[in-house]
Amino acid sequence: MGKRKLAGILAEAAAQGGQLAFVILGFGVNLHPAAYPPELADRATSIEAEIGRPADRAMILAERLSALALRCADLRHGRVDAILSAGRARGAPPRGAVGGG
């Protein structure tokens, strides 16, 4: 999607007593052009804006959940290399990069 973001990873963490108490991770996918504020239009895009037609939300959800299940299985089995390879194959930004691409 060029230099515009279609999706993102969200993270929230909290500490108690000087130690990490929890981390919550999530992800979001922009389906509709209205999914992001107009002032972000030069940095964000949506599936529907890119394909030029309505998106099949159920299919997109099923595909994302299937991919997430595969990555979770990789994580449970210590296959960090598979997770990194999958990210690189999809053009994920390098470690430490902010804003992606």
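How many salt bridges does the count come to? I looked for every side-chain nitrogen of Lys or Arg within 4 Å of a carboxyl oxygen of Asp or Glu, and by this rule the count comes to three.

**Ground rules**

I am working with a predicted model, where local features need pLDDT of at least 70, side-chain atom pairs count only at pLDDT 80 or more, and totals for chains, interfaces and linings use all residues. Residues are numbered from 1 along each chain as its sequence is written, and side-chain values use heavy atoms, with hydrogens and water left out.

**Entry 1**

I began with the salt bridge between the side chains of Arg4 and Glu50, which is 3.1 Å from N to O. This pair links distant parts of the chain, as Arg4 sits in the segment before E1 and Glu50 in helix H1, 46 residues apart. (Helices, H or I with at least four residues, and strands, E with at least two, are DSSP runs numbered from the N terminus.)

Next I checked accessibility, where buried means under 20% relative accessible area, exposed over 50%, and partly exposed in between (1.4 Å probe, protein chains only). Arg4 has 30%, so I noted it as partly exposed. Glu50 is also partly exposed, because its value is 34%.

Glu50 has another partner: its side chain makes a polar contact of 2.5 Å with that of Thr45. (Such a contact is a pair of N or O atoms within 3.5 Å; within protein, one must be able to donate a hydrogen and the other to accept it, and residues adjacent in sequence count only if both atoms are side-chain atoms.) I found Thr45 in the loop between E2 and helix H1 (47-51). Is Thr45 buried or exposed? Its relative accessible area is 0%, so Thr45 is buried.

**Entry 2: a network**

Which residues are linked in a network of salt bridges? I traced Arg71, Asp74 and Arg79. Arg71 and Asp74 have their closest N and O atoms 2.7 Å apart. Both lie in helix H2, three residues apart, which is about one turn of the helix. For Asp74 and Arg79, the closest N and O atoms are 2.9 Å apart.

Asp74 is buried, because its relative accessible area is 7%.

**Entry 3: Ile9**

Last, I looked up Ile9, which lies in strand E1 (residues 7-16). Its relative accessibility is 72%, so I wrote down Ile9 as exposed.
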